[in-house]
Amino acid sequence: MSRAEQALRKGHLTQPAGASAYDYYLRVLQLQPDNSKAETGIQTIVVTYVERARDALRRRDFGAVNTLLKRAEMLAPANPLVAEVRTQLVRERGERSSIYHKGR
């Protein structure tokens, strides 16, 4: 568990392969399926990606938002936070597109 927490602190969420926080938490869950610390660790990774996606959305870096949300979705496909930010992304892109077309 300490390797997972160390990787998380270093920002190694899902990379490098085999030595990321996610990989370490996953190994713990394979040995102990009900390990709440490992489950919480994976949830922390998902929330970190969502927070980064929100920051990218504020900067209007839509490509980064999409990449970060895809990473979060791979770990937690039904996470409501991911769905919320994806909805915001679609709305922001739509507003930007309609403003662009009005100006033509």
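Let me begin with the surroundings of Ser-20. Leaving aside neighbours within four places in sequence, Ser-20 is in contact with Ala-7, His-12, Leu-13, Thr-14 and Gln-15, where contact means heavy atoms within 4.5 Å. This is a predicted model, in which local features need pLDDT of at least 70 and side-chain atom pairs count only at pLDDT 80 or more, while totals for chains, interfaces and linings use all residues. Residues are numbered from 1 along each chain as its sequence is written, and side-chain values use heavy atoms, with hydrogens and water left out.

Ser-20 lies in the loop between helix 1 and helix 2; helices (H or I, at least four residues) and strands (E, at least two) are DSSP runs, numbered from the N terminus. Is Ser-20 buried or exposed? Ser-20 is buried, with a relative accessible area of 0%; buried means under 20% relative accessible area, exposed over 50%, and partly exposed in between, for a 1.4 Å probe and protein chains only. The side chain of Ser-20 also makes a polar contact of 3.0 Å with the side chain of Asp-23. By polar contact I mean a pair of N or O atoms within 3.5 Å; within protein, one must be able to donate a hydrogen and the other to accept it, and residues adjacent in sequence count only if both atoms are side-chain atoms.

Thr-14 lies in the loop between helix 1 and helix 2 as well. Not counting residues up to four places away in sequence, Thr-14 touches Ser-20, Tyr-22, Ile-45, Tyr-49 and Leu-75. Its side chain is joined to that of Tyr-49 by a polar contact of 2.7 Å. Thr-14 and Ile-45 are 31 residues apart along the chain, and their C-alpha atoms are separated by 8.3 Å.

I turn now to the core. The largest nonpolar core has 27 residues, of which Tyr-25, Ile-45, Val-46, Tyr-49 and Val-65 touch the most other members. Such a core is a set of buried Ala, Val, Leu, Ile, Met, Phe, Trp, Tyr and Cys residues joined through side-chain atoms within 4.5 Å. At least two residues of this core come from each of helix 1 (2–9), helix 2 (21–31), helix 3 (36–58), helix 4 (62–75) and helix 5 (80–102). Helix 3 gives the most, with nine residues.

At its start, a side-chain oxygen of Asn-35 reaches to within 3.0 Å of the backbone nitrogen of Lys-37. Just after helix 3, Arg-60 takes a positive phi of about 65°.

In helix 4, the buried residues are Phe-62, Val-65, Leu-68, Leu-69, Ala-72 and Leu-75. Seen down the helix axis, they fall within an arc of 140°, so they line one face of helix 4; the arc is that of the directions from the helix axis to the C-beta atoms.

Finally, the whole protein. There are five helices and zero strands. The radius of gyration is 16 Å, well over the 13 Å that the globule rule gives for 104 residues, so the protein is more spread out than a compact globule. That radius is taken over C-alpha atoms, and the rule is 2.2 Å times the number of residues to the power 0.38. The C-alpha trace spans about 60 × 25 × 15 Å along its principal axes. Of the 104 residues, 32% count as buried.
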